[in-house]
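Colleague: I have a model on screen and want to learn how to read it. Can you take me through it feature by feature?

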Amino acid sequence: MLCACNTNYIEIISGDSNKEKIYKNSEVNESQINIDELLAQKEIIQITNLKSISKIAILLPMTGKYSKVGKAIYEGLEIELKVLKKENQPELSIYDTGDEDLNIQKISSEILSEGFDFLIGPLQKKIIEKVTSSNLKALPMLTLNYSNNADHHLKSVYQFGLLPEDEAICIAEKSIIDGNSNSSIFYPNNEWGRRISKAYALRFLELGGNITDEVTYDNNDKKINILIRNILKIEDSIKRKNKIEKILNRKLHYKPYIPDNINSIFAVGTSENMRSIKPQFNFNFAEDIEFYSTSHIYNGVSDKVNNQDLNNIKFCDIPWLYNNKNKTQKKALRNNKEKKDLLRFIALGMDSIKIAYNINKLENYRNKYLLGDTGYLQLNEFNKIRRHLNIIKFKNGRAKKIPF
């Protein structure tokens, strides 16, 4: 049975600058979802006949700001293509989109004249807008990011990427399944933090949960411990203790009391952030409170010593980092200083090939899932590929897959 949730480095969708506290939106709870739906068995697409593809045009940044990401994705494409029989391997042509002054008209004319069957890319959102407004929209196309245009929907254009919102939705579902009815959110005071926290809060509320607190922090903020103590209501507990001591006229052996309505924490940040934040929650007597985050706290490389401070944090992540597939290649990548932080983008490239060859199946069976390396893949009504992820937990400094 497949049980997985409904997913890190680049800007994906337009930000929402609305700073109004999410948990004040009472409308979200009007149509709560039955939790049993999250645990329902999910049907897998059985691969039979592959789509016939002879030539694929690849639009990726091979130079410039995003070149490392572009090259990692291309490496993933190559890894996946080697799985195909030689007679099924398509001809690839790369078009470098790293140049800010990219001439889309010239590239479009060249691609259309060469008779390509499929197009993978672009990665950058600005270029996606240009490409989908050009003559290339007539070709079947899998973009590797999501358009800012909410109304953008072309029959031949499919959108795929590593949405951090998918992870936030996934871990909100896990928190509810774990039995948490209340959640406090702790996130960095920037657009990235707001995006992820908002996605988490909306899903948590939708599933019947309650957001008890929403607190932002700044990087290198010396007041983080004060913020954490405020979330946990430590000062309120101390005041109660002082009042009792005054009444009894004696000193008491004392451990701060954490209110029962604080039963889970969702904290957003990098691994560096969380190695500081999680121990401070523990220090303030919250070591037994369920703690959730996103995969941004883990680069996929085992570091048992430094990751001890992440123990008991749960998050959602891609299957490829935790299974036995491509073991030799993954070991080499993890030992490569240039590539060890880009493993998820390599998996993105691998899945791009799977999707290209099975896009007809995804269209015909939108209620089913394609087993991918970045997650269990499903095509929604807007031609966007959504990823359902695995649940991971840090234990003894190691990130391990756990049941959903």
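Modeller: Start with one residue and its neighbours. This is a predicted model. Phe-186 touches Val-215, Tyr-217, Ile-224, Leu-227, Ile-228, Ile-231, Phe-266, Ala-267, Val-268, Ile-277 and Phe-281, leaving aside residues up to four places away in sequence.

Colleague: Where is Phe-186 placed?

Modeller: Phe-186 sits in strand β6, residues 182–188. Take Leu-227 from its contacts. Phe-186 and Leu-227 are 41 residues apart in sequence, and their C-alpha atoms are 9.1 Å apart in space.

Colleague: Is Phe-186 buried or exposed?

Modeller: Its relative accessible area is 0%, so Phe-186 is buried. For the protein, buried residues make up 52% of the 404 residues.

Colleague: How many helices and strands does the protein have?

Modeller: There are 10 helices and 15 strands. Now the sheet. Strands of a sheet pair through backbone hydrogen bonds, either parallel or antiparallel. Here, an open sheet of 7 strands runs in the order β7-β6-β8-β9-β10-β14-β15, with mixed pairing.

Colleague: Which are the edge strands?

Modeller: β7 (210–217) and β15, each of which pairs on one side only. Neighbouring strands of this sheet are turned by 25° against each other on average, ignoring direction.

Colleague: How many bridges join β6 to β7?

Modeller: 7 bridges, and the two strands run parallel. Ser-184, for one, has Asp-213 in β7 as its bridge partner. Helices cover this sheet too. α6 packs on the sheet, touching β6, β7 and β8 (264–267), and its direction makes about 170° with that of β7. Helix α8 (residues 271–286) also packs on the sheet, where it touches β6, β7, β8, β9 (290–292) and β10. The direction of α8 makes about 165° with that of β9.

Colleague: And how do β14 and β15 run, parallel or antiparallel?

Modeller: Antiparallel, with 5 bridges joining β14 (residues 390–395) to β15 (residues 398–402). Lys-395 stands opposite Arg-398 in β15. The two strands form a hairpin with 2 residues between them. Asn-396 in that turn has a positive phi of about 55°.

Colleague: Positive phi comes up in backbone checks. What is the general rule?

Modeller: Most residues other than glycine have a negative phi, and most peptide bonds are trans. So look for exceptions. Lys-233 has a phi near 60°. Lys-233 is in the loop between α6 (224–231) and α7 (234–248). Asn-383 also has a phi near 60°, and is found in the loop between β12 (376–379) and β13 (385–388).

Colleague: Which of these two is buried, and which is partly exposed?

Modeller: Asn-383 counts as buried, because its relative accessibility is 3%. Lys-233 is partly exposed, with a relative accessible area of 29%.

Colleague: Where is there a cis peptide bond?

Modeller: A cis peptide bond joins Gly-121 and Pro-122, with omega about 0°. Pro-122 lies in the loop between β3 (118–120) and α3 (125–132).

Colleague: Next, cysteines. How many disulfides does the structure hold?

Modeller: The general idea: a disulfide is a covalent bond between the sulfur atoms of two cysteines. This structure holds 1. Cys-170 and Cys-316 form it, with their sulfur atoms 1.9 Å apart. Cys-170 lies in helix α4 (residues 164–177) and Cys-316 in strand β10 (residues 313–317), so the pair ties together parts that are 146 residues apart in sequence. The torsion about the S-S bond is about -80°, so the disulfide is left-handed. Both ends are covered: Cys-170 counts as buried at 0% relative accessibility, and Cys-316 is buried at 0%.

Colleague: What does Leu-60 touch?

Modeller: Its contacts include Gly-70, Ile-73, Tyr-74, Leu-77, Leu-123 and Leu-144.

Notes
Residues are numbered from 1 along each chain as its sequence is written. This is a predicted model: local features need pLDDT of at least 70, side-chain atom pairs count only at pLDDT 80 or more; totals for chains, interfaces and linings use all residues. Side-chain values use heavy atoms; hydrogens and water are left out. Helices (H or I, at least four residues) and strands (E, at least two) are DSSP runs, numbered from the N terminus. Buried means under 20% relative accessible area, exposed over 50%, partly exposed in between (1.4 Å probe, protein chains only). Contact means heavy atoms within 4.5 Å. A disulfide is a pair of cysteine sulfur atoms within 2.5 Å. Two strands pair if DSSP finds at least two bridges between them. Axes are lines fitted to C-alpha atoms, for helices over the stretch in contact, and angles run from 0 to 180 degrees between N-to-C directions.
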